[in-house]
Amino acid sequence: MISLMLALQSVLAAGAARQQSVLRPAGPQADSAARLWWIAFWIAAAVYAITIGTLLWAAWRAHRRVRTGAQPPSSAERTMRRAVGGALGVTVAILLVFISYDIGAGRSLLAPSRSNYLTIHVTGHQWWWEVEYADTLPHDRVTTANEIHIPVGEPVRVELSAHDVIHSLWVPELAGKRDLVPGYHQAVWLQADTAGVYRGQCAEFCGLQHAHMALYVIADPPDRFQSWLASQRQPAPAPGDSVAARGLRVFLGAQCPLCHSIAGTPAYGNVGPDLTHLASRNTIAAGTLANTRGNLGGWITNPRSIKPGTTMPPSQLEPRDLQALLAYLETLK
Ligand code: CUA
């Protein structure tokens, strides 16, 4: 019986959405949430089957009694009272099982598996995620966007805040949802036991582009994670050729530095995502587009045709300037 249930569970999990699913937990926090879900599922399935079975049995008995004209036995009232009392007792027992399991799962979501851990700050913006890796040395702090890199097998504390309205961070394969509320600080633990890329998204309606507020958690072996962090600490390289140099001039001369920063250049805007290592990211516009030259060109030229309502304004650039800007942005590895 148990193996049949487990087989059905794995079929359902495999059939779940390829992109992201709570039924394929990849870390201890998501694992305890998934276990709670399966227990609730199987108990509810059993209660449903017993209720429907009892209903059909009662209907069949009543039908037979009408057909044969038989009278109910004198003990029927007592039997019924006993059955209802028994069902009430079972209901209370089931609710107690749910409550104790729920408390246990809630505790495991809040407790890290060890005392030294990495801390990351995530801030929700309309409609993107700012990600900061804290460090006691200011020049070793790393700011990126829409991608959270974590070391595999280690608990990571993600401290949450919101810049404008309420958002909610949800990476189904790694942890439950946690709201980001302006003026209020919360935290969630992320831990991935398998290396991989896990899609997450905003789970609280936050305006027009709520559905286009995705992010990716990239879990790498610890040494790979450390080399990623070391490369992110570097400022942007100086332009290597005349086209890229022109691109940087276009960037600094246009409206871009008012909102974006590129470490190592005079651009220090902090309204939009930090672009120091833009080319190292897989997507742009919070998971909306693959980070390709064509998509980036379309995004810079007219972002509001891709994400209506976004605060990023359109840019009217000469074709040569746009190509030079794209060539420069591609060097920001
Ligand atoms: Cu941010 Cu929905």
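**Exercise 1.** In this predicted model, work out how many residues of domain 1 are in contact with domain 2, and what the interface is made of.

*Solution.* 
- Start with the bounds: domain 1 covers 13-221 and domain 2 covers 242-329.
- Now look for heavy atoms within 4.5 Å across the two parts. You'll find 15 residues of domain 1 touching 16 residues of domain 2.
- Next, the area: the two domains bury about 1,300 Å² between them, and 54% of that sits on carbon and sulfur atoms.
- Who does the burying on the domain 1 side? Trp-128, Glu-147 and His-212 supply 34% of the area that domain 1 buries against domain 2, more than any other three residues.
- As for elements, β3 (142-145) and β10 each give two or more residues to the side of domain 1 that touches domain 2.

**Exercise 2.** Find the order of the strands in the open sheet of 5 strands, and say which ones are at the edges.

*Solution.* 
- Walk across the sheet and you get β4-β10-β9-β6-β7, with mixed pairing.
- β4 (147-151) and β7 (178-180) each pair on one side only, which makes them the edge strands.
- From one strand to the next, the twist averages 25 degrees.
- Zoom in on one pair: β6 (residues 167-170) and β9 (residues 196-202) run antiparallel and are joined by 2 bridges. Leu-169 has Cys-202 in β9 as its bridge partner.

**Exercise 3.** Which strands does helix α4 lie across?

*Solution.* 
- Pick out α4 at residues 222-233; it lies across β4 and β10 (214-220).
- Then compare directions: α4 runs at about 135 degrees to β4.

Notes:
Residues numbered from 1 in each chain as written. Predicted model: local features only at pLDDT ≥ 70, side-chain atom pairs only at ≥ 80, totals over all residues. Heavy atoms only, no water. Pairing = 2+ DSSP bridges. Helix = DSSP H or I, 4+ residues; strand = E, 2+ residues; numbered from the N terminus. Axes fitted to C-alpha atoms, helices over the stretch in contact; angles between N-to-C directions. Domains from an automatic or database assignment. Buried area = accessible area lost by both parts, 1.4 Å probe.
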